Amino acid sequence: MPPLAPKFEAHRHLFYCHSMSNNEQPPVPPQDENQIIAERRAKLAALREKGVPFPNDFVPADRAADLHAKYDEVSKEDLEAQGIEVSIAGRMMLKRVMGKASFATVTDGSGAKAEGRIQFYIKSDAVGAEVHDAFKHWDLGDIIAAKGKLFRTRTGELTVEAGEVRLLTKSLRPLPDKHHGLADQEQKYRQRYVDMIMSDETRATFVARSKAVSSIRNVMTEAGFLEVETPMLHPIPGGAAAKPFITHHNALDMQMFMRIAPELYLKRLIVGGFPRVFEINRNFRNEGVSPRHNPEFTMMEFYAAYADYRWLMDFTEQLIRRAAIEATGSAVLQYGERELDLSKPFERLTITGAIKAHAPQYSDEQLADIEFVRAELKKFGANVSNPPLKNAGLGALQLALFEETAESKLWQPTYIIDYPIEVSPLARESDTRKGVTERFELFITGREIANGFSELNDAEDQAARFKAQVAAKDAGDEEAMFYDADFVRALEYGMPPTGGCGIGIDRLMMLLTNSPNIRDVILFPHMRRED
């Protein structure tokens with residue numbers, strides 16, 4: 001059930017991945033040099049002359065965060081009496097040289113914030129005058145190591161009194177200003193490694209992401225789901241209405257597509273006898289880049305036999321609530337200037353119910369009038385003369401009006417339910433309401449976070465819907481689905497009643513970390529080439 005339905009962005013260009021045999025490489029940029037870098041290169045050259053410039057024979061026995069957790073509450077006197085020997089390594093972020101004694105603050109990545117830092121105290125009579133003199137020429141950003149005893153300074157700071165100190169890695173580039181870090185947001189995305197060195201907040205974001213994903217995995221396995229891996233290269237793109245990246249497999253001499261969703265493979269596993277499966281997967285869609293869209297993104301999709309969309313909504317709500325608590329410590333979050341409460345039951349509205357709740361000027365009679373809805377969409381600037389709206393029925397037009405009038409206003413968690421069949425080619429039609437599927441989408445802060453439904457398991461109905469999608473593609477809808485004959489064949493063997501859901505992990509993490517842009521929660525987001 002892929003979330004993140006496309007919003008028909010402009011400037012979508014089909015991208016072809018070429019094999020390396022084409023020898024297409026980006027140009028090699030000129031070496032970026034300035035006086036500081038030149039001085040550091042000279043220091044490295046001197047180290048090379050003396051021997052091994054990048055030694056690899058030091059293994060730290062301790063981590064800063066562990067030392068803080070264990071000894072921050074131990075008194076100065078007790079620390080001195082215990083004589084605790086430690087060995088630790090990290091990147092030097094601060095340095096103070098005072099004659100025959102110096103201080104250095106290093107960070108070793110063991111904690112997202114201050115707990116990942118510790119201070120070294122370096123004296124000439126402990127490490128030797130020659131080593132201390134060498135230390136004076138080391139630079140911020142260098143990776144250094146120390147062995148010695150723990151003590152607490154007069155200001156109460158936990159510190160390693162070094163009996164040995166070594167330079168492990170020479171940093172050739174200077175770090176940004178310690179008070180401001182990387183000030184340019186684009187540079188933060190391009191040089192995430194520098195951003196993480198300088199910013200406690202950035203590191204905390206990705207620690208929270210790791211905790212949330214771990215929580216999701218735990219919930220799934222506790223509920224009896226089997227984690228699986230399905231192909232990322234597909235002979236037919238399926239499982240979503242999206243534009244794929246296209247490549248060519250040389251050995252098989254065939255066109256292939258980067259995965260836009262794992263749905264059809266996961267449902268094949270339900271057919272094969274696994275009653276509950278899930279996959280935390282990377283998907284690729286050749287669509288616009290925006291604060292909510294990245295061409296490469298992470299989803300968690302899960303499928304459960306003998307479950308319907310109502311069960312899915314209950315389960316998804318519990319899953320998201322627990323992920324929030326385990327990642328942030330609370331189900332009540334701050335997002336932007338407003339509070340977001342994940343602790344309360346999520347609201348459920350139909351498409352027309354949501355329109356009337358947030359655009360009360362519309363009546364039931366107006367929303368049931370296809371020509372009225374089409375005229376309203378024109379007022380919002382929607383192109384109803386071109387696919388996919390050109391031949392759309394009332395349900396699809398109502399959905400488009402919902403996107404214009406209500407979607408962005410769904411701040412607190414809200415399930416929009418009962419989607420029209422024409423925009424839900426893989427969902428089961430309601431047994432009691434013609435043209436309506438048992439489908440939901442979850443919106444939080446005006447963004448789609450999850451998409452789920454009772455699965456269509458009627459092979460003949462699925463074949464007919466695929467044919468309708470092919471007709472739509474032939475009529476100009478580039479995001480309509482292909483006909484997947486093997487998936488239809490799988491359904492012909494029989495798939496039990498099943499419910500499936502997809503959750504956008506990146507968008508969920510935007511909520512949990514109060515991040516306004518999807519690039520803030522992706523370690524290495526896609527950018528235009530610098531040249």
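**Strands, cores and cavities of the chain**

Met98 has Ala101 of strand 3 as its bridge partner. Helices (H or I, at least four residues) and strands (E, at least two) are DSSP runs, numbered from the N terminus. The model is predicted: local features need pLDDT of at least 70, side-chain atom pairs count only at pLDDT 80 or more, and totals for chains, interfaces and linings use all residues. Residues are numbered from 1 along each chain as its sequence is written, and side-chain values use heavy atoms, with hydrogens and water left out.

Strand 2 (residues 85-98) and strand 3 (residues 101-107) run antiparallel. Seven bridges join them. Two strands are counted as paired if DSSP finds at least two bridges between them. Strands 2 and 3 form a hairpin, with two residues between them. In the turn, Gly99 has a positive phi of about 65°. Strand 3 also pairs with strand 4 (residues 117-123), again over seven bridges and in the antiparallel sense. Here Thr105 has Gln119 of strand 4 as its bridge partner.

Strand 3 is mostly covered, with seven of its seven residues buried. Buried means under 20% relative accessible area, exposed over 50%, and partly exposed in between (1.4 Å probe, protein chains only). In a regular strand the side chains alternate between the two faces of the sheet. In strand 3 both faces are covered. Ala101, Phe103, Thr105 and Thr107 are buried on one side, and Ser102, Ala104 and Val106 on the other.

The chain as a whole holds 17 helices and 19 strands. Its C-alpha atoms fill a box of roughly 85 × 55 × 50 Å, taken along the principal axes. Of its 531 residues, 50% are buried. Contact means heavy atoms within 4.5 Å. Among contacts with a separation of 6 or more, 69% are between residues 24 or more positions apart.

Eight strands make up an open sheet of mixed pairing, in the order 7-11-12-19-18-17-16-15. Strand 7 (226-227) and strand 15 (347-350) stand at the edges, each with a single partner strand, so one side of each has no neighbour in the sheet. Strand 18 and strand 19 run antiparallel and are joined by five bridges. Within this pair, Ser454 stands opposite Gly499 in strand 19.

In helix 9 (residues 263-272), the buried residues are Glu263, Leu264, Leu266, Lys267, Arg268 and Ile270. Their cover includes strand 11 (276-284), strand 12 (296-305), strand 18 (447-454) and strand 19 (498-504). Helix 15 (459-474) and helix 16 (485-493) are also part of the cover. Gly273 follows helix 9 and has a positive phi, near 115°.

Nonpolar cores were then identified. Such a core is a set of buried Ala, Val, Leu, Ile, Met, Phe, Trp, Tyr and Cys residues joined through side-chain atoms within 4.5 Å. The largest has 46 residues. Those with the most contacts inside it are Met220, Met300, Phe302, Leu342, Ile503 and Leu512. Helix 10 (residues 309-328) gives the most to this core, with nine residues. Another core, of 25 residues, lies apart from it and includes Tyr71, Ile84, Trp138 and Val160.

Lys76 lies in helix 3 (residues 76-82). Lys76 is partly exposed, with a relative accessible area of 38%. Leaving out residues up to four places away in sequence, Lys76 touches Arg152 and Thr153. Thr153 is 77 residues from Lys76 along the chain, and their C-alpha atoms are separated by 7.8 Å.

A search of the whole structure finds two cavities of 30 Å³ or more. On a 1 Å grid over the protein atoms alone, a cavity is a set of points where a 1.4 Å probe fits but cannot get out; lining residues have an atom within 4 Å of a point. Grid points are joined across faces, edges and corners, and a volume is the space filled by probe spheres set on the points.

The largest cavity has a volume of about 80 Å³. Ten residues line it, and Arg285, Glu287, His293, Asn294 and Phe297 lie nearest its centre. By class, this lining has four nonpolar, three polar and three charged residues. Ala, Val, Leu, Ile, Met, Phe, Trp, Tyr, Cys and Pro count as nonpolar, Asp, Glu, Lys and Arg as charged, and the others, Gly among them, as polar. The second largest cavity has a volume of about 40 Å³. Its lining includes Pro237, Ile260, Lys473, Glu479 and Phe482. That lining divides into eight nonpolar, no polar and two charged residues.

How values were computed:
1 Å grid on protein atoms, 1.4 Å probe; cavity = no way out; pocket = protein on both sides within 12 Å on 5 of 7 lines; lining within 4 Å.
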